Structure formats: structure tokens, C-alpha cells
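Before reading on, please bring up the sequence beside the coordinates, and keep both in view while the text moves from the overall fold to single residues.

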Amino acid sequence: MARLHPIHLAAAIGLALQAGCAGRVPLDPAAPATSLRQRTGSDARLDGVVTPTLPAGVRPDDGVSADEAVAMALWNNAAFQSSVSDLGFARADLQEAGMFTNPVLSLLFPVGPKQLEATLRWPIEVLWERPRRVAAARLALDAAGQRLVQTGLDLVMAVRIAYADASLAADRAPLIREAGSVLARIDTLTQSRLTEGDISELEARTVRIEAARATLDAERAVTDALVARQRLLLLIGQPDDLPALALTAPAELGGACGAPADLLREARMARPDVRAAELGVEAAAARLGWERSRILALTAVLDANGQGREGFEMGPGLDLGVPVFNRNQGGRTRAKALLQQATTTYAALQQQVGLDVREGVALLDQAQAALSAWRATIVRPLGANVADAERSFREGETSMLFVLENTRRLIEARVRERELVAEQQRSRARIERAVGRSCQAPTQEAARDR
């Protein structure tokens with residue numbers, strides 16, 4: 001064996017440990033937040049903190065808009081912050097994948113005639129396994145980032161739907177209370193007519209039942225508004241004792257975010273969960289390559305003797321695991337199954353994207369058409385009827401009962417009109433989630449070109 005100084009052994013160990021530290025790969029933790037900002041226009045907090053605070057630009061004193069509610073949810077929602085930990089697990093897996101296995105140093109101490117012996121072993125198969133292992137872990141990290149973005153988009157849809165429900169409930173309660181007040185006046189007039197013998201007991205009883213039902217509906221509407229508000233508060237991550245949350249009036253919406261064919265093509269190319277599924281296929285393929293590279297186990301050996309014929313002696317060697325029985329058949333089979341699963345998951349998601357886009361566009365078109373028709377054929381004619389009935393009453397041509405009946409019908413029509421506005425808002429939220437961006441945000445192709 002060649003004559004080497006003991007310091008050479010320490011240098012070899014130091015180089016091995018340094019190589020292990022060099023396996024760390026720099027990460028970009030801000031990428032999911034940047035993507036969410038481009039897609040929604042709101043900043044997302046990804047530090048895992050669940051203490052409710054107001055994000056920049058949100059001022060609840062003058063009312064909270066739907067966009068501000070989205071910003072608050074991406075900043076404070078506890079369930080979303082919990083999903084951030086998945087990204088931390090994926091980063092840890094990537095760091096672990098880049099680590100080299102520590103060398104093993106064996107020492108046999110001299111006792112009696114026994115000389116000092118040292119053996120340093122280091123599995124060098126990691127040199128060809130590590131690139132594949134790191135590639136699979138990097139793809140898994142990218143997929144985790146895309147899934148986190150999709151989780152944020154799911155939260156945005158849930159917030160917009162909850163905001164539409166809460167706003168509807170807040171506007172519906174006074175309308176139903178007003179309808180109940182009108183029915184109470186109708187009941188009073190009916191009882192007077194019953195006393196005078198103008199109507200039968202059956203007719204009077206029917207009106208009284210309607211008035212009682214209207215009173216119960218008004219009480220339930222107040223409870224519905226409270227429950228809807230609590231659901232919205234939960235999503236935006238605000239405490240229950242927050243002062244009354246003033247919701248702004250719903251804005252009139254235009255059509256869909258674009259032509260259905262363009263929306264479908266964009267969703268299949270740029271939606272985060274689709275991209276995550278693509279990365280899942282790539283990661284499964286990389287893992288299959290890694291499992292195939294694990295057939296051969298090779299360990300480098302450095303043996304040293306404290307007292308040979310020529311003094312201190314050191315020499316290299318190899319330990320080779322002969323792949324006769326175990327050729328990592330189970331690992332390769334499992335990796336093939338994972339690749340097949342990832343491929344079919346991607347195909348199923350493509351089909352789901354098509355359904356989401358087409359369904360969202362159809363629901364929005366239907367809601368807009370129903371709202372336009374309801375206003376044109378119901379609300380406006382009923383409004384004209386009320387105006388004519390009031391004029392006729394002032395001129396002594398009709399009774400107050402006729403005016404109240406038309407007023408009641410108009411209030412009920414306005415309740416339905418407000419429900420159709422809320423349905424329009426819900427449909428728009430579903431389209432935005434189906435495409436993977438807000439309708440006000442630029443397309444992902446335009447965002448990449450910036």
C-alpha cells in the first residue's frame with residue numbers, strides 16, 4: 001500500500017462532508033405568492049401565521065368590497081395557511097434529496113499485539129442516483145407550489161360565493177320585512193271588509209295566514225343574514241367579534257371572461273392544478289429513472305493500518321452489491337404504477353376542466369338572460385302598475401287595497417331580482433376558478449410576456 005499521512009484521511013472525510021452540504025438547492029418561496037397576485041390581483045401571505053391582520057389597501061371603515069374580502073382571505077384564512085406547510089414539506093424533501101450519504105468511519109483500537117485499523121466507507125452509487133432523485137424532488141416541489149396556488153384560487157371562489165350570499169341575505173332581509181309590513185296593512189283592511197260583510201271569513205283567513213307567514217319569513221331572513229355573515233367572516237379569517245361588516249353594493253357584471261373556446265384553451269394550459277398534474281407526470285417519470293438507477297449498490301472503501309511493514313499504510317477498495325436476487329423490482333414496479341396513476345389523473349383533470357368552463361359559462365349566460373328578462377317583463381311593468389295604482393287611488397278610482405297588492409308583488413319581484421344578481425356573481429366566481437384567474441387579470445400568456 002502507498003504511504004499516506006493520517007491528515008489525508010481527515011481531508012477525505014472533510015471533502016465528503018462538504019459535498020453533502022453542496023447538495024442544497026436554492027428555493028424561491030415567493031413564486032406561489034407572485035402567481036396568486038397575477039391571477040387575483042391580491043397579495044397572499046405564505047408565512048403560516050394565523051393572527052388576523054388587515055392586508056395593505058383594505059379599509060373596512062367604508063365598507064368591504066368583494067375584492068377586499070378576497071384580499072383578507074388570502075392574508076388571514078387559517079385553512080389556507082395550513083396548506084402552506086405542504087410547500088415546506090416539499091422543500092425539505094428537495095433538500096434531503098440533494099444530500100450525500102454520510103461516510104462511515106470504523107475504528108479498531110490496538111489492544112495488546114493488535115494494531116490500529118481504520119476503514120472509511122462511502123456509498124458512491126449516490127453519484128448517479130442523486131441527479132435523478134433531485135430532479136424528482138424538484139418537480140414535486142414545483143407541483144406543490146402549483147397546488148398551493150390552486151388552493152388559493154379555490155379559496156377565492158369560496159369567498160366570492162360567500163360574499164354574494166351574505167350580500168344577498170343582507171339586502172333580502174329588509175325587502176322581506178317590507179313585504180311583511182305591506183301584508184299586515186292588507187290584513188287590517190281585509191278584517192275591516194270582513195266586519196262590513198264585503199268578504200267571507202275564508203277570504204279573510206287566507207290573508208291573515210299570508211301575513212303571519214310573512215312575519216315568520218322576515219324573522220328567518222334576519223337569521224339567514226347573520227349565518228351568511230358568519231360564514232364569510234370564517235373565510236376571510238376575521239374574529240367573530242369584528243364590528244358589523246358593511247358590504248358594498250354588488251357591481252353590475254359583464255359577460256364571461258372571454259369566448260368559451262379561448263377560456264377552455266387557457267384553462268387547459270395555465271390552470272395551476274393542470275400544471276401540477278403535468279409536473280406530477282414528470283416527477284413520476286423521474287422517479288422511475290431513479291428507481292432503475294438503484295439496481296447497483298457500490299461503496300468506496302478506504303482502509304488504513306496503524307502499523308504495517310512500512311509503518312502507517314492506507315489503500316482504497318470497493319464493496320459491490322451483486323444484483324443477483326434483488327434488482328429493486330418492487331421499487332421499479334411501484335414507480336411504474338405511480339407514473340400510470342399520474343398520467344390518468346392528468347387526463348381526468350383535463351376532462352374536468354372542460355366541464356368546469358362549459359358549466360360556468362352556461363350558468364352565467366343563463367343568469368344574465370334570466371336577470372334581463374325578469375327586469376324587462378316583471379320588475380318594470382310591476383313598477384308601472386304601482387305608480388298607476390297610486391295615481392288612481394289619489395283620484396279616487398281604486399282602493400288602497402289594490403295599491404298594496406301591487407306593492408307587495410313589486411317587492412317580491414325585487415327579491416327575486418336580487419337573487420338573480422347573486423346567482424350571476426356566483427357564476428362569475430365559478431368561471432374565474434375554472435379558468436384560473438380573475439376576469440380583470442390578464443391572461444397567463446400576457447402575464448408571462450410582461
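## The chain as a whole

This is a predicted model, and in it the chain has eleven helices and four strands. Of its 450 residues, 41% count as buried. Among contacts with a separation of 6 or more, 77% are accounted for by residues 24 or more positions apart.

Helix α4 covers residues 78-97, and its 20 residues reach 30 Å from the first C-alpha to the last, which is close to the 28 Å expected at 1.5 Å a residue. Its buried residues are Phe 80, Gln 81, Val 84, Leu 87, Ala 90, Arg 91, Leu 94 and Ala 97. Seen down the axis of α4, these residues fall within an arc of 165°, so they line one face of the helix. An α-helix has 3.6 residues a turn, so residues three or four places apart point the same way. The buried residues of α4 pack against α2 (31-40), α3 (66-76) and α5 (126-196), whereas the face turned away from the buried side carries the exposed residues Ala 79, Phe 89 and Glu 96. At the N-terminal end, α4 is capped by Asn 77, a side-chain oxygen of which lies 3.1 Å from the backbone nitrogen of Ala 79.

Helix α7 (residues 260-270) has Leu 263, Leu 264, Glu 266, Ala 267 and Ala 270 as buried residues. Viewed down the axis of α7, they fall within an arc of 165°, so they too line one face of their helix.

## The cavity

How many cavities of 30 Å³ or more does a search of the whole structure find? The search finds one, and the largest cavity holds about 60 Å³ of space. Its lining is made up of Thr 40, Leu 153, Val 156, Met 157, Ala 429, Glu 432, Arg 433, Arg 437 and Ser 438. Helices α5 and α10 (400-435) each supply at least two residues of that lining.

| Residue | Relative accessible area | Class |
|---|---|---|
| Ser 42 | 9% | buried |
| Leu 116 | 36% | partly exposed |
| Arg 271 | 0% | buried |

Ser 42 is found in the loop between α2 and α3. Leaving aside residues up to four places away in sequence, Ser 42 touches Leu 36, Arg 37, Asp 67, Val 70, Ala 71 and Leu 74. Ser 42 counts as buried because its relative accessibility of 9% falls under the 20% cut-off.

Leu 116 has its place in the loop between β1 (104-108) and β2 (117-123). The C-alpha atoms of Leu 116 and Asn 305 are separated by 5.8 Å, although the two residues are 189 residues apart along the chain.

Arg 271 sits in the loop between α7 and α8 (272-293). Its side chain is joined to that of Asp 356 by a polar contact of 3.3 Å. When residues up to four places away in sequence are not counted, Arg 271 touches Arg 39, Gln 150, Glu 266, Leu 349, Val 353, Asp 356, Arg 433, Ala 434, Val 435 and Gly 436.

Note on methods: Residues are numbered from 1 along each chain as its sequence is written. This is a predicted model: local features need pLDDT of at least 70, side-chain atom pairs count only at pLDDT 80 or more; totals for chains, interfaces and linings use all residues. Side-chain values use heavy atoms; hydrogens and water are left out. The expected span of a helix is 1.5 Å times one less than its number of residues. Buried means under 20% relative accessible area, exposed over 50%, partly exposed in between (1.4 Å probe, protein chains only). The arc is that of the directions from the helix axis to the C-beta atoms. Contact means heavy atoms within 4.5 Å. A polar contact is a pair of N or O atoms within 3.5 Å; within protein, one must be able to donate a hydrogen and the other to accept it, and residues adjacent in sequence count only if both atoms are side-chain atoms. On a 1 Å grid over the protein atoms alone, a cavity is a set of points where a 1.4 Å probe fits but cannot get out, and a pocket is an open set with protein on both sides within 12 Å along at least five of seven lines; lining residues have an atom within 4 Å of a point. Grid points are joined across faces, edges and corners, and a volume is the space filled by probe spheres set on the points.
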